[in-house]
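Please keep the sequence and the structure at hand while reading.

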Amino acid sequence: GLRVVVQPDHRAPVVALGLMVDVGSRNESAGLTGLAHFFEHMMFQGSARVAKMEHVRALEAVGAEVNANTSTDRTYYYQVVPKSALSLALWLEAERWRDLALTADNVDNQRQAVLEERRQSFENRPFVEAELELARLVYDIPALQHATIGEADDITRAPLAAFEHFWRTWYTPSNAVVTLVGDLDPAEARQLLDASLGKLAPRAL
C-alpha cells in the first residue's frame, strides 16, 4: 500500500528522500495531544539494529542532511544524501519503520526533550498564548484547537500504551508516501525500494 513518486533530476549527484505520513495533530484526541509531533522525535531513537541517533550520525557522516517536521495535517521526514548513500538511507528508514525502539525509557527521555522544546517555543515567547487562544476561538473541532506540539499535561501523562496505539494506527505503509528526487535511475530506485521499504508489512490493530 506504500505510494511512491520517483523524479530523476541529474543536475547534481544527490537524492532527496522524503517520507510523508498522513498524520498530524488533527488526528489526536482530547487528553492525548502532541503524539504526532512526539514521533518526530521518537523516529530517531533507534530500532532493533540501529542505535539511538545512529540514523542521523550515519547519514551526516557521508554528508547528508536529515530532519523532520510536523504540522496539523502531516508528519514529514526527509534526507538529502549523496547518490551513493541512497541504499543506506532507505535501509535506515525501513529499519525504524519496522522495529522502532518504542520503549518506556525512550518515551520518558523524549518527554523531557519535547517539554523543553515547548517551553522554549511557546511558554517563553511573547504573544504565543494569544495565537493559541485564537485557535481555540476560531475552530469548533477540539483536534484543531491545540498547538501541534501538544499540551504539557498530556505529554507528561500519556501512557506507553497510547504511543504504541498511535504507532500501530498511523505508521503503516498504506498511510505514507515516499518521494525520491535526484540523480537516480527509476529502475534502480525500484530495486532499492523493493529491498527496503518494500518489505514492510502493513500494521493492524
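This is a predicted model: local features need pLDDT of at least 70, side-chain atom pairs count only at pLDDT 80 or more; totals for chains, interfaces and linings use all residues.

The strands form an open sheet of 5 members in the order β1-β5-β2-β4-β3, and the pairing within it is mixed. At the edges stand β1 (3–8) and β3, each of which has a single partner strand, so one side of each is left without a neighbour in the sheet. On average, and with direction ignored, neighbouring strands of this sheet are turned by 10° against each other.

The parallel sense is found where β1 pairs with β5 over 6 bridges, and in this part of the sheet Val6 stands opposite Leu180 of β5. Strand β2 (residues 14–21) runs antiparallel to β4 (residues 75–82) and is joined to it by 8 bridges, with Pro82 of β4 as the bridge partner of Val14. Strand β3 (residues 65–70) is also antiparallel to β4, here through 6 bridges, and Asn67 stands opposite Tyr78 of β4. Together β3 and β4 form a hairpin, with 4 residues between the two strands.

## Helices on the sheet

Helix α1 lies across β3 and β4, and its direction runs at about 165° to β3. Helix α3 (residues 86–99) also packs on the sheet, where it touches β2, β4 and β5, while its direction makes about 155° with that of β4.

Is α1 largely enclosed or largely open? Of its 8 residues, 8 are buried, so α1 is largely enclosed by the rest of the structure. These buried residues are Leu35, Ala36, His37, Phe38, Phe39, Glu40, His41 and Met42, and what covers them includes the strands β3 and β4 together with the helices α4, α6 (152–157) and α7.

## Two helix contacts of α1

The axes of α1 (residues 35–42) and α4 (residues 104–123) come within 10 Å and cross at roughly 115°, which means that α1 is roughly perpendicular to α4. The crossing is right-handed. On the side of α1 the contact is made by His37, Phe38, His41 and Met42, and on the side of α4 by Asn106, Val107, Gln110, Arg111, Ala113, Val114 and Glu117. Sorted by class, the residues of this contact comprise 5 nonpolar, 4 polar and 2 charged.

The axes of α1 and α7 (residues 160–170) come within 11 Å and cross at roughly 85°, which means that α1 is roughly perpendicular to α7. Here Leu35, Ala36, Phe38 and Phe39 of α1 meet Ala162, Phe163, Phe166 and Trp167 of α7. The class composition of the contact between α1 and α7 is 8 nonpolar residues, with no polar and no charged ones. Phe38 is named among the residues that α1 contributes to the contact with α4, and Phe38 is likewise named in the contact with α7.

## A buried residue in a loop

Asn175 is placed in the loop between α7 and β5 (176–182). Is Asn175 buried or exposed? Because its relative accessibility is 13%, and buried means under 20%, Asn175 counts as buried. When residues up to four places away in sequence are not counted, Asn175 touches Arg3, Met20, Val21, Asp22, Val23 and Trp170.

Note on methods: Residues are numbered from 1 along each chain as its sequence is written. Side-chain values use heavy atoms; hydrogens and water are left out. Axes are lines fitted to C-alpha atoms, for helices over the stretch in contact, and angles run from 0 to 180 degrees between N-to-C directions. Angles under 35 degrees count as roughly parallel, over 145 as roughly antiparallel, 65 to 115 as roughly perpendicular and the rest as oblique. A crossing is left-handed if the near helix is turned anticlockwise from the far one by less than a right angle, and right-handed if clockwise. Contact means heavy atoms within 4.5 Å. Ala, Val, Leu, Ile, Met, Phe, Trp, Tyr, Cys and Pro count as nonpolar, Asp, Glu, Lys and Arg as charged, and the others, Gly among them, as polar. Buried means under 20% relative accessible area, exposed over 50%, partly exposed in between (1.4 Å probe, protein chains only). Two strands pair if DSSP finds at least two bridges between them.
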